[in-house]
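Hi,

Here is the structure I promised to send over.

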Amino acid sequence: MKNNASLLILLLNVIGRHRQDVVTAFVSPITSSSRCEYTTTTTTTSLSVNKEASSTTSSYSPSASFDTFQATEIDASNTPPNLQTILTSLKELKSGSDLRGTYAAHANSGGTIANISHLIKQVKGEGNGAALTPFASHCFGVAFARWLLQHEGDDDASNHKHGTNALTICIGRDPRIHGERLADAFARGAESVDGVTKPVRVLYTGVTTTPSMYEFCRAGKCDAAIIITASHLPEDKNGIKFFSGSGGLDKEDIDELIVLAQEEATEWYNTGIMPPSSGNAGVLCSELVNFLPYYKQTLKQAIGREVDPNPNPAKPLSNLNIVVNPGNGSGSFFSDLLRELGANVAGSLHLTPDGTFPDTIGVPNPEKKAMVEETMRACEDCNADIGVMFDTDADR
């Protein structure tokens with residue numbers, strides 16, 4: 001069988017030099033660690049393989065159904081096409097030091113890895129780029145936990161200031177509706193990692209901001225953190241940003257995570273099934289927490305230190321009229337924070353976190369003309385001293 005498959009591949013390469021438009025390949029079930037790139041195309045020409053016979057014959061049959069390859073993209077590794085689709089997609093999620101893609105849902109239980117592959121192809125075929133699925137989030141949850149255990153002692157994460165021996169990861173998200181399912185999948189993946197003497201615990205803090213996640217690490221509330229957000233990108237997008245005790249992960253760290261995630265995806269491919277998730281029913285993890293009040297307090301203290309002179313330490317902003325426009329994003333709490341510091345924030349708008357972004361500006365982006373203009377109008381209407389805008393995850 002192996003010899004026949006090798007001959008077929010060589011034959012297809014020869015054919016492909018003359019028929020680059022329609023080439024279909026049979027792929028041996030024997031796999032190795034090396035990979036091949038492929039694309040899926042529609043074709044009316046196929047190669048029929050009789051698995052029962054001792055010899056392999058070819059004939060043209062429009063009814064045969066195999067995954068298709070460009071001839072120049074076939075190599076000797078024979079990575080199964082469904083698996084190769086997934087491995088490639090995990091790599092394509094990289095966006096600098098983050099992961100970003102178009103959210104694509106699949107069944108929260110049951111199904112096969114082939115379902116994931118077809119979903120990824122569908123998203124890409126519609127021109128939406130890389131697909132960020134719950135399965136991908138699960139694989140990166142495993143990858144991040146393993147990466148942290150491998151790098152134990154490299155930074156402050158090894159100090160375990162939170163008072164437990166466990167490796168503790170905190171998850172937050174922006175208001176996008178699908179963020180919760182991605183958080184659940186990531187948490188399940190991370191907590192599935194066997195840290196031997198150091199178990200992995202995941203905390204879920206819900207809707208919060210990107211800057212807060214690093215503060216939680218710095219303050220020792222967790223060893224590492226992620227936030228599930230696509231910042232100011234359209235609402236069908238989502239992504240993951242990673243933090244450790246020494247700050248955000250860099251591009252090289254993301255490359256390491258991708259390799260670990262691909263290894264996890266390959267293990268699931270070999271089982272033929274998908275890991276379960278909770279759907280949109282919640283996040284399964286060690287503990288649900290609310291760290292946002294702590295973050296608010298650190299901001300209040302920082303603002304108080306910066307106001308000089310400060311005749312009223314308890315209400316340092318008592319003479320200011322401020323319009324806050326978080327655009328229904330994670331920065332909605334800033335209105336309450338500034339009011340507690342004495343500011344008049346009565347003219348603020350879009351203060352309720354809402355992942356459907358129902359108001360006029362859509363996904364908040366302080367560089368978007370519509371958001372700037374409506375904030376300026378609100379400032380004029382209430383004679384505000386200043387207007388403050390935030391993007392979805394409030395990191396700008």
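In the protein chain, residues 24 or more positions apart account for 76% of the contacts with a separation of 6 or more, where contact means heavy atoms within 4.5 Å. Bear in mind that this is a predicted model: local features need pLDDT of at least 70, side-chain atom pairs count only at pLDDT 80 or more, and totals for chains, interfaces and linings use all residues. Numbering runs from 1 along each chain as its sequence is written, and side-chain values use heavy atoms, with hydrogens and water left out.

The protein chain has 10 helices and 11 strands (DSSP runs numbered from the N terminus: helices are H or I with at least four residues, strands are E with at least two). Of its 396 residues, 51% are buried (under 20% relative accessible area; exposed is over 50%, partly exposed in between, with a 1.4 Å probe and protein chains only).

Strand β10 (residues 322-325) has I322 and V324 pointing one way and V323 and N325 the other, all of them buried. It runs parallel to β11 (residues 386-389), joined by 4 bridges (DSSP has to find at least two for strands to pair). I322 sits opposite I386 in β11.

Most residues other than glycine have a negative phi. S231, however, has a positive phi near 55°; this residue is in the loop between β6 (224-228) and β7 (237-244) and is buried, because its relative accessibility is 4%. N383 also has a positive phi, about 55°, in the loop between α10 (369-381) and β11, but N383 counts as exposed because its relative accessible area is 63%.

Cheers
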